[in-house]
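Dear colleague,

I am passing on the structure that we talked about, and below it I have set out what was found. Please read the notes with the model open beside them.

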Amino acid sequence: MFNLTQQERLVLFSFVAIVLIGTMLQYSFKKNPFLMNMVNVVDSEDFYQKVDLNKANYEELLIVPYIGPVTARGIIAYREKKGAFTLAKQLREVKGMHSENYKKIIKYLSINGQNLRNP
Amino acid sequence: MNTHRPFISIAILFTLGILIHRVYPDIVKLSFLCLFVFLALLFAVVFFSKPKLSNVFLFLAIFLLGGIYYRSYSFHSKQDILHVARFYRKKPVEIEGLVSSEVTRKSFFNGIKQSFVLSVSKIKTKWGWREKRGNILVNIYQDVDLDFKDRIHLLGKLHYPYDFSKDSNFSFKAYLDNRNIKLILSVKKDSPVKWVKKNQQFSIKKFSLMLKKRLKTRLNKYFTENEVGILSAILLGERSGIPAHIRLLFMNTGTAHILAISGLHIGIIAFLFFLFLRLIPFYRKGHYIMTSILIVCYAFLVGMRPSVVRSTIMTVVFMMSFVFEKETDVLNSLAFAALIILFINPKQLFDVGFQLSFISVIGIVCFSPKIYSVLCFKMERSVAKRFKKLVQGFSVSLAAWLAVSGLIAYYFCVISPISIIANLIIIPLMMIVVVLGISFLAVATFVPFFAGVFSLCLKVSLNVMVLIIYFFSKVPGSYFSIKNVTLSAVFLYYVILFLFSCRPLCLKVANLFKGRVKCKFLP
């Protein structure tokens with residue numbers, strides 16, 4: 001009755017281990033809510049790859065999600081005409097920039113090492 | 001030991017036939033091609049008693065058959081919608097057809113964009129409705145409840161696909177063309193979508209799509225939108241929801257293959273199925289057969305992409321080798337899988353997913369033993385023995401990287417040297433994510449009480465994996481862009497790689513020409 005095959009032992013061991021670890025995690029997250037934020041890498045904007053708006057060339061701008069050839073050329077043209085970007089809202093003046101795109105794009109951009117935030 | 005691998009030569013010749021007719025489409029008339037195949041088969045039968053001669057004619061027939069198959073597949077009948085598309089470029093057109101693929105949903109600016117393939121049945125002309133055929137890609141910018149095999153009536157703008165960026169060699173137009181789709185229909189937010197007939201009939205595909213939807217609902221309950229996007233890609237084959245920044249991270253570190261269901265995923269899932277089936281008291285061969293059936297069902301669930309079909313066929317062949325007590329050969333079963341895929345759609349040969357999927361396996365099988373032996377030769381024996389698993393893992397990772405780098409540089413203009421090390425760490429983590437993911441889906445369906453604790457383990461392992469990939473992307477020189485990679489440069493790269501891997505064979509051929517090796521066919 002208490003004999004288990006190798007497969008049964010493996011399945012049972014895995015199940016108990018996962019339930020144990022999951023329960024410990026559940027307890028830890030309830031007791032210390034900040035741990036949940038630490039674990040949440042996928043949703044955190046800190047882990048987006050940032051491109052410097054004032055230093056990136058055309059190819060580097062194209063790599064940024066939601067920036068296509070028109071927007072990339074617009075950013076470079078804006079820099080050449082009006083100088084370096086200092087504020088996030090200047091990006092709205094770039095040719096080809098829509099308000100919805102702007103909200104998505106600023107997560108991937110920085111100005112002189114400073115991350116951009118939606119004002 | 002002389003391993004018998006007939007499928008390799010058949011697959012190579014069939015592929016060459018397809019390739020030649022892609023490059024030179026009108027080299028010979030189709031009717032003449034069929035005649036040549038018939039003659040080749042006839043000679044193969046006439047010289048049946050002379051095996052070598054008969055084989056030559058048989059292989060010639062297979063080579064020509066590849067061309068015939070490709071040309072007949074690419075042929076568009078007079079009824080095809082492609083012939084009339086140019087008359088509807090400037091104004092909206094009414095089309096009726098059948099939804100013939102899964103409907104994918106994506107958030108798009110302030111709304112929803114749904115995409116699917118429509119099998120056209122009618123188009124409205126100024127002379128009334130006319131019967132037409134062909135597949136088109138439909139993009140609907142509204143939230144409607146569409147289902148597989150629904151017959152619908154749409155009003156939208158018909159246009160040809162365009163390439164978004166001329167900086168890479170990846171062409172969206174070619175990607176759609178490989179799926180026999182040459183047109184896109186864009187249906188606006190306020191355009192009417194009418195149902196002619198809702199699909200009520202049961203089919204395997206409809207059942208698998210319904211099951212996929214239910215499993216995704218389980219994921220939505222316990223994970224955030226971004227996490228669901230990644231888990232849906234890894235577990236359910238749905239890549240449309242992967243967040244852009246995550247996709248970029250994986251691409252830059254050369255670990256994007258994790259987001260596509262392929263051999264490793266199927267292997268892990270087959271192992272899990274087999275493990276659970278072994279708990280049921282049944283005869284051993286029955287376990288292998290049941291595992292094969294479940295893997296095929298899983299392949300239907302996640303969509304039959306080339307990488308999924310390849311790995312499913314290879315896994316089934318491997319399982320059946322235990323049932324029939326025969327030895328298997330990886331390259332032979334790989335060639336068999338390639339033939340199956342090319343018989344279903346010969347244009348898959350030019351699909352980047354197909355190319356990467358097969359070349360990575362060929363690279364691992366051919367190069368990793370050689371790399372491993374070189375590394376063991378260079379290292380001290382005791383060190384090599386102690387770190388055997390690590391050295392093996394490194395050999396596999398390096399072999400795969402060497403094999404896919406040429407194509408990745410050509411299509412995506414990026415080279416990621418960091419992927420050799422990144423994959424050593426990420427792949428074991430990915431295995432944990434897949435095991436936990438499948439276990440979570442099973443537990444959430446059958447024993448929901450434990451779903452919460454399983455979801456936390458999965459959440460932590462997924463986020464740790466993404467964090468490690470992020471750190472790898474920050475390593476200086478982890479990846480770099482490469483421009484203007486031509487097809488001839490890629491071809492030269494693979495020729496050099498092949499020459500290095502087949503060095504003993506090349507030396508033999510070289511000696512043959514120098515007269516050092518006797519050949520019975522030469523005086």
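Are B:Phe274 and B:Tyr288 buried or exposed? Both B:Phe274 and B:Tyr288 are buried, where buried means under 20% relative accessible area, exposed means over 50%, and partly exposed lies in between (1.4 Å probe, protein chains only). These two residues also form a stacked aromatic pair, with 4.9 Å from centre to centre and 20° between the planes. Rings of Phe, Tyr and Trp (its six-membered ring) pair if their centres lie within 6.5 Å, and planes under 30 degrees apart count as stacked, over 60 as edge-to-face and the rest as tilted. The pair links distant parts of the chain, since B:Phe274 sits in helix 8 (residues 263-277) of chain B and B:Tyr288 in helix 9 (residues 284-302) of chain B, 14 residues apart; helices (H or I, at least four residues) and strands (E, at least two) are DSSP runs, numbered from the N terminus.

Before going further, please keep in mind that this is a predicted model, in which local features need pLDDT of at least 70 and side-chain atom pairs count only at pLDDT 80 or more, while totals for chains, interfaces and linings use all residues. Residues are numbered from 1 along each chain as its sequence is written, chains are lettered from A and ligands numbered from 1 in the order in which they are written, and side-chain values use heavy atoms, with hydrogens and water left out.

As for confidence, pLDDT is the predictor's confidence in each residue, from 0 to 100. Chain B has a mean pLDDT of 85, with 93% of its residues at 70 or more, and chain A averages 83, with 96% of the residues scoring at least 70. Over residues 517-523 of chain B, however, pLDDT stays under 50. For the complex, the predictor gives an ipTM of 0.78 and a pTM of 0.82.

Over all chains there are 23 aromatic pairs. One of them joins B:Phe14 and B:Tyr69, whose ring centres are 6.1 Å apart and whose planes stand at 50°, so the pair is tilted. B:Phe14 belongs to helix 1 (residues 6-23) of chain B and B:Tyr69 to helix 3 (residues 51-74) of chain B, so this pair ties together parts that are 55 residues apart in sequence. B:Phe14 is buried, at a relative accessible area of 2%, whereas B:Tyr69 is partly exposed, at 29%.

Where the two chains meet, 34 residues of chain A are in contact (heavy atoms within 4.5 Å) with 35 residues of chain B. Chain A and chain B bury about 3200 Å² between them, 72% of it on carbon and sulfur atoms; buried area is the accessible area (1.4 Å probe) that two parts lose on being put together, summed over both. In chain A, the residues that lose the most area to chain B are A:Ile18, A:Val42 and A:Gln49, together 22% of what that side buries. One aromatic cluster is formed by A:Phe15, B:Phe449, B:Phe450 and B:Phe454.

B:Lys149 is in the loop between strand 5 (135-140) and strand 6 (151-159) of chain B, and B:Cys413 in the loop between helix 14 (388-412) and strand 9 (414-415) of chain B. B:Lys149 is partly exposed, at 36% relative accessible area, while B:Cys413 counts as buried, at 7%.

With best wishes
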